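Trainee: I am new to this one. Please show it to me, and then let me ask questions.

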Amino acid sequence: MGLVGFQEDGKKQISLSTTNDDFHDTRRYVFTCAVFASLNSVLLGYDVGVMSGAIIFIQEDLKITEVQEEVLMGILSIISLFGSLAGGKTSDAIGRKWTIAFAAIVFQTGAAIMALAPSFSFLILGRLLSGVGVGFGVMIAPVYIAEISPPAARGSLTSFPEISINFGILLGYISNYVFSGLPVHISWRVMLGVGIIPSVVLGFTLLRIPESPRWLVMQNRIEEARIVLLKTNEMGMDVEQRLMDIQKAAAIGSANKYESKGVWHDILSPTPTVKRMLIAGCGIQCFQQITGIDATVYYSPTIFKEAGIQSNSKLLAATVAVGFTKTMFILVAIFLIDRVGRKPLLYLSTVGMTACLFCLSMTLGVLDHGEFGIVLAMLAVCGNVAFFSVGIGPVCWVLSSEIFPLRLRAQASALGAVGSRVSSGLITMSFLSVSHTITVAGTFFVFSLISLVSVVFVHKCIPETKGKSLEQIEMVFQKGGGEQEIGIVEMGDMERLVQEQDLTLTDT
């Protein structure tokens with residue numbers, strides 16, 4: 001991959017010299033690792049998508065009440081907080097890679113129990129296990145990908161879990177439509193059982209991906225970390241310098257090495273720098289959910305029925321259109337996130353979602369249930385998920401995985417994932433009850449107001465992190481205060497990066 005030379009003191013040094021073939025091989029290798037690590041997120045997406053349709057047949061087969069429906073839909077998100085909280089410590093103990101494997105095993109067990117459930121009680125048991133697996137999965141995948149990715153591609157690669165969630169949602173919607181013709185007592189079981197397939201595939205793919213180099217450094221396994229960095233660093237990047245930066249961040253061998261209790265103390269009693277990081281990372285996670293995206297996805301048949309669609313087959317077909325839109329626009333985000341930056345996409349996303357949610361509330365509340373109202377409602381829902389997918393959906397996970405310092409990253413990311421899942425669960429478990437109280441239209445009007453607040457939050461609390469190493473991002477928050485000051489620091493960092501790249505290209 002590169003030439004190996006020796007310094008005057010005889011120590012081996014990795015040269016920056018690489019070929020274009022090496023560059024493309026590195027890109028392919030990192031891309032493959034990111035795809036494999038993101039398969040757990042397919043499971044979450046599939047569950048969200050498939051439950052929106054399967055619940056229609058579960059109600060008919062098991063005769064569950066509306067309250068039981070809300071609990072069944074929302075309990076996964078609530079219980080996943082335990083997986084997310086345990087995920088940080090687990091990933092620090094056994095590694096990022098094997099935490100991904102553990103998440104898949106737990107989810108697979110829960111999905112199998114749900115598919116075979118003879119009663120509501122067994123459905124809940126399977127749902128609880130699946131929730132724990134989801135909690136581990138949504139927390140660890142972005143952390144792993146951020147830690148193996150070169151800075152120039154980290155934004156797009158760390159968005160892969162969000163792509164996978166959207167792809168899983170689309171597969172869930174398609175599964176609902178395809179299997180809806182089966183007998184009622186079989187259809188929903190097949191829909192849920194198909195969700196086991198991605199976790200089986202993940203088990204085999206884990207044999208191909210490496211452990212995170214940053215976790216290896218934290219374990220003082222320096223040579224193994226160097227080998228991984230040689231495989232994942234792009235042309236022109238000094239592997240030895242990157243390794244030194246990671247070692248400094250991890251504080252290997254220093255008297256200030258933090259134990260788990262010390263890490264949580266730093267999170268719960270944060271310095272001003274860590275407080276800014278927590279507000280940005282956890283805040284954007286919560287806004288991602290309290291603007292109602294999971295309610296829109298889980299209850300899309302309810303929304304379209306409110307708009308005027310009556311038959312189950314047409315309701316499920318309409319949800320496929322939502323899933324297709326959501327998946328297509330996440331691909332747009334992947335293309336733009338490392339070109340345009342995180343913050344412009346967040347502005348576009350939150351403003352667009354606010355407009356679409358307001359339009360949906362007006363459509364459901366004012367227009368008759370005619371063809372025009374149905375079309376406008378579908379456009380508003382598709383527009384909402386499109387703006388979500390192009391911005392706050394993927395950018396939220398990118399930010400939460402890259403803004404925290406190495407010693408806090410796993411636990412702080414876990415805390416952000418907890419905020420996301422709890423917010424999702426509360427919204428999902430209360431949507432039907434709130435809709436009965438203030439109507440579906442009124443509920444989405446509230447969502448539009450929350451989305452408007454998220455625009456202000458992005459402006460005040462989120463700095464731009466495009467093009468920075470994880471260690472440089474920490475410096476932005478250390479020197480940050482107001483938006484203007486952060487911008488100045490970012491510009492200085494970018495100038496230094498450009499100068500360093502120019503020098504590197506000149507030498508090679």
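Mentor: Start with a definition: buried means under 20% relative accessible area, exposed over 50%, and partly exposed in between (1.4 Å probe, protein chains only). This is a predicted model, where local features need pLDDT of at least 70, side-chain atom pairs count only at pLDDT 80 or more, and totals for chains, interfaces and linings use all residues. Residues are numbered from 1 along each chain as its sequence is written, and side-chain values use heavy atoms, with hydrogens and water left out.

Trainee: Is Thr-439 buried, exposed or partly exposed?

Mentor: Thr-439 lies in helix 21. Helices are DSSP runs (H or I, at least four residues), numbered from the N terminus. Phi of Thr-439 is near 75°, a positive value in a residue other than glycine. Its relative accessibility is 43%, so Thr-439 counts as partly exposed.

Trainee: Where is Asn-220?

Mentor: Most residues other than glycine have a negative phi. Asn-220 has a positive one, near 65°. Its place is in the loop between helix 10 (213-218) and helix 11.

Trainee: Why do the buried residues of helix 8 line one face?

Mentor: In helix 8 (residues 184-193), Ser-187, Trp-188, Met-191 and Leu-192 are buried. The arc is taken from the directions from the helix axis to the C-beta atoms. Seen down the axis, the buried residues line one face of helix 8 because they fall within an arc of 120°.

Trainee: Which helices do the buried residues of helix 8 pack against?

Mentor: Contact means heavy atoms within 4.5 Å. By that rule, the partners are helix 2 (39-62), helix 4 (96-116), helix 5 (120-148), helix 7 (160-179) and helix 9 (196-205).

Trainee: Which residues touch the most other members of the largest nonpolar core?

Mentor: A nonpolar core is a set of buried Ala, Val, Leu, Ile, Met, Phe, Trp, Tyr and Cys residues joined through side-chain atoms within 4.5 Å. Of its 119 residues, the ones that touch the most other members are Met-51 and Ile-58.

Trainee: How much space lies in the largest cavity?

Mentor: On a 1 Å grid over the protein atoms alone, a cavity is a set of points where a 1.4 Å probe fits but cannot get out; lining residues have an atom within 4 Å of a point. Grid points are joined across faces, edges and corners, and a volume is the space filled by probe spheres set on the points. The count comes to 5 cavities of 30 Å³ or more. The largest cavity holds about 110 Å³.

Trainee: Which helix supplies the largest share of its lining?

Mentor: The largest cavity is lined by 13 residues, and those nearest its centre include Glu-162 and Arg-421. Helix 2, helix 7, helix 14 (272-290) and helix 15 (293-298) each supply at least two lining residues. The largest share, 3 residues, comes from helix 7.

Trainee: What is the relative accessible area of Arg-421?

Mentor: Arg-421 is found in helix 21. Leaving aside neighbours within four places in sequence, its contacts include Leu-44, Gln-289 and Asp-294. Arg-421 is buried, and its relative accessible area is 3%.

Trainee: How far apart in space are Gln-285 and Ser-420?

Mentor: Gln-285 is found in helix 14, and at 0% relative accessibility it counts as buried. Not counting residues up to four places away in sequence, Gln-285 touches Ser-420, among others. The two are 135 residues apart in sequence, but C-alpha to C-alpha they are 5.0 Å apart.

How values were computed
On a 1 Å grid over the protein atoms alone, a cavity is a set of points where a 1.4 Å probe fits but cannot get out, and a pocket is an open set with protein on both sides within 12 Å along at least five of seven lines; lining residues have an atom within 4 Å of a point.
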